[in-house]
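Colleague: Hey, I've just opened this one. Walk me through it, please.

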Amino acid sequence: MGGGMLRLPGMIHRAMVMHVVTVVVGVMVGGGSVRWAEAGDVPTTLEGPFEPVTVPLNQKAFRGNAVDLPDTDPRVRRKGPRFAPEQISVSLSASYGSVWISWVTGEFQIGDNIKPLNPVSVKSVVYYGRLRYPLHREATGHSLVYNQLYPFEGLQNYTSGIIHHVRLTGLKPGTRYYYRCGDPSIPAMSDIHVFRTMPISGPQSYPKRIAMVGDLGLTYNTTSTVCHMRNNQPDLVLLVGDVSYANLYLTNGTGSDCYSCSFSQTPIHETYQPRWDYWGRFMEPFVSEVPLMVIEGNHEIEKQAGNQTFVSYSSRFAFPSEDSESFSTLYYSFDAGGIHFIMLGAYVSYNRSGAQYKWLERDLAKVDRSVTPWLIATWHAPWYSTYKAHYREAECMRVEMEELLYSYGVDIVFNGHVHAYERSNRVFNYSLDPCGPIHIMVGDGGNREKMAINHADDPGHCPDPLDTLDEYMGGFCAFNFTTGPAAGKFCWDRQPEYSAYRESSFGHGILEVKNETFALWRWHRNQDLYDSAGDQIYIVRQPDKCPVRPLPMNPLRRHRLIRDF
Ligand SMILES: [Fe+2]
């Protein structure tokens, strides 16, 4: 269903449409794997802004709730001996020449009397090469264990297996590499896996397909999402936060679809860390061969003893933090062909005086759009969701960062957090803007929390502004609108004009960047056949019309943003 085909009368010049179609067809002839016969039906952002579309909930087919895979499911059980590598994954460095291989050995422990494993007792070795036999290159890395400690009577503590991270360097672009990982001295080496490096960065060089997914969890809906995603054969997967949902469990392994509803009396928000191991095992067949890049969501906070946070997330994944000079696991950047990805932290300071904002300024200033024309930003909590759940929750982050991203001409923003799908028109500061990014929300990966089905503009569903506060987002900035059709109100009385398409279904998206101008976005619903798309659009860059204008931020401009909204 191409919901974006509707458009407001008089918003586009007919001659422009004809020109656009001609250009798109030209691109498609020489392009990638999209089914060209269908492409003539795919709208482009040049035809926007589109009239808002809401796909009504299909009550018959609706599966709003999902059930977690139990710990008896063979897909989450350990398969090999104790020190055999498991939970193997590949992740990218800041450029094509290097990737990380990560895995776990040894058993986690959970209980009253845990004894952490010695992380150096098992070596971190990867054999790799462009041929399956022999794997003539060798790399070694580092290992760690982490603890999740709850110093309260009756709660159980956790210590992880040994987590290994090995960096492979000197890789060629767009090239398949075979590898085995483990400790050859035990011996305990994995089977041979294969991955492909990202293509060289340049305006005509892109990974064919990039999967975008959020809020995955580990339910039977997750398995459907991952199955659909694998069938689309992505070259790279971006997970925009909320990974294992281990924090919907008590330390004794009792889980709930709503933690705060079921466990309101616990002394601290508990987690059941083995869910992370289950998640890593379930995902291994996929992410041991397709690079996975993750940015943290609220479910990764997992506060524990000493007010430590994000410990599992930061320990289990490898990040290009040093390469991108963020030196943080909570925000970083990397290139994938001619795309520069910026992964932002919504649960770490985003204020203009803070480290993340200053790093973002530096990172944006370094981007050479003649090498990486596409600039894509992701973080967890959306700025332009129109659903009731988490409505305007990230408003303070938007007030701080939106103008900076806009000034550098960010092309697309991907978010999760809200368990539904939504695509915006080009928007900046709540106004339709032909140079604003398209915001796409893919928080519909399939976790066990309920799907979002109510909109803030539905009668009776506008939340109280004070109810939108989130303790980890910081501050309160969600004031009533002062301009536009919703002036004086907190919510619109209809689907806002900046919302192009919204639908409550589980799924994932695939981004196919064709060249420096065109990118095809397709959102795939779990209930559909593998090859069909629920929403699709060509996102078209117009650098001539929207040049990069990095403006020095000053207090006056900041004041204007805050006052208007
Ligand atoms: Fe979330």
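**Strands, iron and a serine**

Colleague: How many bridges join β8 to strand β9?

Modeller: Two bridges join β8 to β9 (residues 157–159), and these strands run antiparallel. Strands are DSSP runs of E with at least two residues, helices runs of H or I with at least four, numbered from the N terminus; two strands pair if DSSP finds at least two bridges between them. This is a predicted model, where local features need pLDDT of at least 70, side-chain atom pairs need 80 or more, and totals for chains, interfaces and linings use all residues. Numbering starts from 1 along each chain as its sequence is written, and side-chain values use heavy atoms, without hydrogens or water.

Colleague: What stands opposite N147?

Modeller: T159 in β9.

Colleague: And what order do the three strands of the open sheet take?

Modeller: β4-β9-β8, with antiparallel pairing. β4 (109–111) and β8 (147–148) are at the edges with a single partner strand each, so one side of each has no neighbour in the sheet.

Colleague: New topic: which residues are the protein donors of the iron ion?

Modeller: D242 (OD), N298 (OD1), H380 (NE2) and H417 (ND1), 2.1 to 2.2 Å away. Donors are N, O and S atoms within 2.8 Å of the metal (3.2 Å for Na, K and Ca); water isn't among the atoms, so sites may look incomplete. N298 sits in the loop between β16 (292–294) and α6 (311–316), and H380 in the one between β19 (374–378) and α8 (395–407), so the pair ties together parts 82 residues apart in sequence.

Colleague: Is H380 buried or exposed?

Modeller: Buried, at 0% relative accessible area (buried is under 20%, exposed over 50%, partly exposed in between, with a 1.4 Å probe and protein chains only).

Colleague: Where is S312 found?

Modeller: In helix α6, and S312 is buried too, at 0%.
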